[in-house]
Amino acid sequence: MRAWVVRSPGRLDQVELPVPRPAADELLVRVRACGVCRTDLHVRDGELPPRKTPVVPGHEVVGEVVAAGPAAEGFPPGARVGIPWLRRTCGRCRYCLRGRENLCPSSAYTGWDADGGYAEYATVPASYAYELPADYTDEELAPLLCAGIIGYRALRRAELPPGGRLGVYGFGGSAHLTTQVAIGRGAVVHVLTRSAAARALALELGAASAGDAYDRPPEPLDAAILFAPVGDLVPVALEALDAGGTLSVAGIYLSDLPSLRYERHLFRERTLRSVTANTREDGREFLNAAAAHRLRVSVTPYPFDRADAALDDLAADRVHGVAVLTMDRGAPGASS
């Protein structure tokens, strides 16, 4: 099969690999689409330390079940399934037993610990695969499997009150989905991002305002989510919070934070929280919400053979919405 691999930092190479064989509890999936996530960029560039070398990136995978191990249950051949970032947890540690499997010290991740979806075939443990909403194309579903789920967890961690004022810093794949979920729940959303095109999209999707990433929002925020991996924005977002507000940092990677001044940034019970992966329950809740309320998913498809260009475009902020690899060979173009 065709596949892309990271062998050393900064390089993504196309190679031929054997079709993987599913383990006893795994599904073998023919890949139909795979989202291109900023985490893939961190894997390629070595900002996440390698756990498997070489590794096939990609963890927003939509595909069709073509085979299964003898212990894999729940998905018949031909079923459309999603392969997410979270691949395995131990099920026995104190975090797993408390319903916080995202913190499991033995957790493993697709496209980092195990080969992912930048390939024609991939495997996934059946108990970590997702059933997918019917009313979406493959390309629209792919971003939901990481961008959507992580954004949903970040929204939960931000503890936005009903009808509250939410600030969204950065407006890429995850943010544009999370914004729609928040607006659908009655929130007032203010988007702050450096991209003029992203600001225009935010307003189209119903944001109350859209300004530059370092601008002050037009009103104090009850909660904020930082999607941009830019540590310099942490004090900016904290300062924009009202008393009692919470800032949740959604990314797996963040550049270094500048110093914080307690009275200016944290006093009056402002809270700074990180987000670490997600639980399977987060994923199921989000996908159920996406099934009940149709989200507009802005994607830029790339043919599989241009995965390297998709990552380069993402790094240079040239992608509108979410880049998605398809098994077509047509030219990339935007759709939403």
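The model is predicted, with local features requiring pLDDT of at least 70, side-chain atom pairs counting only at pLDDT 80 or more, and totals for chains, interfaces and linings using all residues. Residues are numbered from 1 along each chain as its sequence is written, and side-chain values use heavy atoms, with hydrogens and water left out.

Next, select the whole of helix H3, residues 138–158. Helices (H or I, at least four residues) and strands (E, at least two) are DSSP runs, numbered from the N terminus. The 21 residues of H3 reach 30 Å from first C-alpha to last, close to the 30 Å expected at 1.5 Å a residue; the expected span is 1.5 Å times one less than the number of residues. Of these 21 residues, 18 are buried, so H3 is largely enclosed by the rest of the structure. Buried means under 20% relative accessible area, exposed over 50% and partly exposed in between (1.4 Å probe, protein chains only). Glu159, which follows H3, has a positive phi near 50°.

Move to the aromatic pairs, of which the structure holds 5. Rings of Phe, Tyr and Trp (its six-membered ring) pair if their centres lie within 6.5 Å; planes under 30 degrees apart count as stacked, over 60 as edge-to-face and the rest as tilted. Select Trp85 and Tyr109: their ring centres are 4.8 Å apart and their planes at 25°, so the pair is stacked. Trp85 occupies the loop between strands S5 (80–83) and S6 (86–88), while Tyr109 belongs to strand S7 (residues 108–109), 24 residues apart.

Finally, display the largest nonpolar core, which has 45 residues. Such a core is a set of buried Ala, Val, Leu, Ile, Met, Phe, Trp, Tyr and Cys residues joined through side-chain atoms within 4.5 Å. The residues with the most contacts inside it are Leu12, Leu27, Val36, Tyr118 and Leu325. Strand S3 gives the largest share, 5 residues. A second, separate core of 43 residues includes Phe171, Ala187, Ala202 and Phe227.
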